[in-house]
Amino acid sequence: PCLTSIETRHGSAALAAYINGNPIINEVHWQSSTVQELDLRNSNVSRLIVHAEGLQTLRLNEGMSTLILNGAPSPSLYIDDPHAGRFLRLQLSGAIAPFHGLDELMRLSLSAMPAVDFDVVAQRFPALTDLTVWGKPGLASNVASISKLTSLQDFTADELFGYGPDDFPAPAQLPALSSLCLTSLPLDAAKAIKASYKKAAALGLDLSVTRPRKPEWLAENLHNAFRDW
């Protein structure tokens, strides 16, 4: 009766009904080879980890705060959230998964990214206020498109490369920004960003630009399968 978390590789309609009927269950790790629609609208789940392969419809409850999508979702997957993602943090790994819904998502975390196109991010989730990207290390493209995220307040990036000192948006292009944390980035870009954001930091911006990397470091680490060891 005190169960609060469920992890399953054999999700079923009966199990979904059980989760909806037990309000103290707050975390679910879901995988299913038979269920195409997962409806948790009547649950009290706050953290949901879904292996989305094969899933066509995912309906979220009012209090959901974190959604982690694993696997390879179908491009036809529709995620129904009562607030269109405004109060949700979505976590994706490896790529921006194709799906429909969450058009007003405000918080996005991308991990283990071999590449990230910020123009795709800005077009898909224009209302973002919080964006975190971890490279594998990864190559970033269209970095200037970050400026399209006019509501962005917090931006964190780790081990992203492939851009230069003139690519990153100027402080005036990100008027809502309150925190900028960049770790392990191109040396020339790091120098330019520090100089550009120095005045904004003096006015209260939380600025951290650390571990600048020379081109030699990237050549040694980008395709090194053993670097994490």
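Which residues form one aromatic cluster? Select F118, F155, F168 and Y197; they make up that cluster. Keep them on screen for later.

**Ground rules**

This is a predicted model, in which local features need pLDDT of at least 70 and side-chain atom pairs count only at pLDDT 80 or more, while totals for chains, interfaces and linings use all residues. Residues are numbered from 1 along each chain as its sequence is written, and side-chain values use heavy atoms, with hydrogens and water left out.

**Whole chain**

Colour by pLDDT, the predictor's confidence in each residue from 0 to 100. The chain mean is 93, and 99% of residues reach 70 or more. Among the elements, helix α5 (residues 215-221) has the lowest mean, 82. Strand β2 (residues 27-30) has the highest, 98.

Now switch to cartoon. There are five helices and 14 strands. Both are DSSP runs numbered from the N terminus: helices are H or I with at least four residues, strands E with at least two. The C-alpha trace spans about 55 × 40 × 35 Å along its principal axes. Of the 229 residues, 43% are buried. Buried means under 20% relative accessible area, exposed over 50%, and partly exposed in between (1.4 Å probe, protein chains only).

**The sheet**

Select the ten strands of the open sheet, in the order β1-β2-β4-β6-β8-β10-β11-β12-β13-β14. Their pairing is parallel; two strands pair if DSSP finds at least two bridges between them. Go to the edges: β1 (5-8) and β14 (206-213) each have a single partner strand, so one side of each lacks a neighbour in the sheet. From one strand to the next, the twist averages 10°. Axes here are lines fitted to C-alpha atoms, for helices over the stretch in contact, with angles from 0 to 180 degrees between N-to-C directions.

Zoom in on β13 (residues 179-186). It pairs with β14 in the parallel sense over seven bridges. Pick C181: opposite stands S208 in β14.

**The core**

Centre on F155. Leaving aside neighbours within four places in sequence, its contacts (heavy atoms within 4.5 Å) include F118, L131, I146 and F168. C181, seen above opposite S208, is also one of the contacts of F155.

**Aromatic pairs**

The structure holds five aromatic pairs. Rings of Phe, Tyr and Trp (its six-membered ring) pair if their centres lie within 6.5 Å; planes under 30 degrees apart count as stacked, over 60 as edge-to-face and the rest as tilted.

Select F99 and F125. Their ring centres are 6.4 Å apart and their planes at 40°, so the pair is tilted. F99 sits in the loop between β8 (89-93) and β9 (100-101), and F125 in the loop between α2 (118-124) and β11 (130-141). Both are buried.

Last, return to F168 and Y197. With centres 6.1 Å apart and planes at 70°, this pair is edge-to-face. F168 lies in the loop between β12 (154-161) and β13, Y197 in the loop between α3 and α4 (198-202), so the pair ties together parts 29 residues apart in sequence. F168 counts as buried at 10% relative accessibility, Y197 at 2%.
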